[in-house]
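Let's take a walk through a protein model and stop at a few residues along the way.

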Amino acid sequence: MNAPRAARTRAILLAALLSAIAFELAVLAWGESPGSILAQLFAGTWGTRFGAGQVLFKATSIALAGAAAQIALRAGLFQIGAEGAIAVSALAVGAIGARLPASVSPIVAWPLLALVAASVGALWTLPIGVLRARFGAHEVISGIMTNKIAGALVGYLLARGLAERASVHTAPLPPGATLVRLGPFPGSAANVAIFVAIAVVVAWAWIARRTVFGREVSAIGASDTVSLATGIAVGRRQIEILALSGAVAGLCALNDVMGYKGYAEEGLSSGVGFTGLAAALLAGRSSVGLLATALFFATLSQGGLSINARIPMEIVDVVVALVILFVAVAPRIDEKLGEEDRA
Amino acid sequence: MSRLFTLAFLAQAVRIALPYLAASMGGIWSERAGVPNVALEGTILVAALGAVAGTTLTGSAWLGLIVGLLAGVLLQIVHALVVLIGRANAIVSGLALNLLAAGGTRFLLRALYDSSSNSPAIPGLAPPASTSLLRATVLDPTTWMVAAVVVGTIVALERTRLGLRVRAVGEHPEAAASVGVPVARTRAVALAITGATAGLAGVWLAFDQRQFSSGMSGGRGFIALATVVIAGWRPLPAVGFALLFGVAEAAQIVLQDQNVVAHQVVQALPYVLTLVVLAGWVRRARPPAALGRP
């Protein structure tokens, strides 16, 4: 077990080094100094309570989307459909939340809306699992298609009555349905949904290692043909895992709708599904790793805003893309370097 | 309804379908060679910026066209390096390349034109906008390039040595290798063709809108991907479905003042159809056997 882990650590370090070099080159090409850009990026994020709060807020959604991806990856499946699940769940929470009585108590509203978020997310990704398990359709293709359908559906429903008159968003949630902001980070959108995210990430690590369900899912991820031969209901587990993954993705609505905006609108939290997948690919099976990569990507995303006046913040997207590519190819580079050492 | 049976309507439908046609041929080359390609969207985007940058830097639309195609090829060559040499998962690579293209083109847009939304206007190759839509479509050389790409793909995939090799490495790479077909090299060539053909979709888009604007691919790469799947990875049916989506969108545009169908319904059509095909006609829509396998 130690050798692959050491190889993985080497690969991650190698990827980090290559990404850092790419970042430096891009900044130098722009005519700026990498050190001072990094200092400004840091000052704009962890340097102030507001900046740190914004990072925590963004990390919450990335961690939830990341957990959704990690859950599916355990079974060897790519959950591309998280993006769509996040969009429809956010709309459902916004539309249903706005119809709750103005005096609703958080004791009723929070669990109710969390249930709405999770079940809508699960229902949305259920067809992806069914298509995969019953018809052999690749979950990536179905995921891309359902994401696009989700985007059109959300736009359609908002235009046909779910949006408040003369606006592009749902009516505001009653005060009892919004989540409590975190006191130490005044002005920022950081809210108690972050504890939900941490709980989900940790709970999945436990379920995956300690329950029969988790072990069966891990076995399917290792080899679905062997699993089938040993009597595991592979198709059924695949459907369950993609629905569970969708449920977790749907919980992003807690952070974005209940914790931040107080209503749902088109394009809210778009792209988070993919950032979450990237975080999960980097973190592997580790829950601590997932929370750390979520913080890392959130720092880059928030930091991009603080350096935008000096260098286009899109450099952050470029760096994230390169990190994913380098992490993907690093094991191979590491292997090649090892071969040369022995030669 | 009479507005649907005019030559101008036909021209509009074909124009909408042109980028789908070019990009779906690109998807077919890659996937028939066994390399999944979700990076068509990013390829369209970099080629569109390449076409505009090439045009503004050299002053020639023809050189812009070449730079645009090369930008598309470059992105797909990176895909080839990452997947074939780096042995990385092709889905991961494709998603990362889409992100790289989206962020990278916006970065370059600011670097080249100091704007976060769009480039200055370029002439393109099409006749001036004052001519009728039909004339503009027929006289546009890029229309005929897309047609050449479509015919070329249909013929080359079925009737040439390269096409046979591409299909062989996509169906059974071990068998292909055992009779001396260089698997990785054949796949790399297929991906370069994908870069040029999907890139042509981006060049067409930039020349049609006479500028580059941020995110201008607008999901066309994913519609092309849907087209590939619905068509069962075969070029001729892909032409039919690409044209069908063009007709649907054109009809929506013509009828929008009558509010017959919401544009979101037309927008979702290719994707819903893909899911239906995956569920129902799966035996007919069979992916290449070695799709995604090293």
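We start at E216(A), which counts as buried because its relative accessibility is 19% (buried is under 20% relative accessible area, exposed over 50%, partly exposed in between, with a 1.4 Å probe and protein chains only). You'll find E216(A) in helix 8 of chain A, residues 212–222; helices here are DSSP runs of H or I, at least four residues, numbered from the N terminus. Skip its neighbours within four places in sequence, and E216(A) is in contact (heavy atoms within 4.5 Å) with I232(A) and R237(A).

A quick word on the ground rules: this is a predicted model, where local features need pLDDT of at least 70 and side-chain atom pairs count only at pLDDT 80 or more, while totals for chains, interfaces and linings use all residues. Residues are numbered from 1 along each chain as its sequence is written, chains are lettered from A and ligands numbered from 1 in the order in which they are written, and side-chain values use heavy atoms, leaving out hydrogens and water.

Now hop over to chain B and look at N37(B), in the loop between helix 1 (7–32) and helix 2 (40–58). N37(B) is buried, because its relative accessibility is 1%. Its side chain makes a polar contact of 3.0 Å with that of S30(B); such a contact is a pair of N or O atoms within 3.5 Å, and within protein one must be able to donate a hydrogen and the other to accept it, with residues adjacent in sequence counting only if both atoms are side-chain atoms. Beyond four places in sequence, the contacts of N37(B) include Q76(B), H79(B) and L225(B).

Notes. Helix = DSSP H or I, 4+ residues; strand = E, 2+ residues; numbered from the N terminus.
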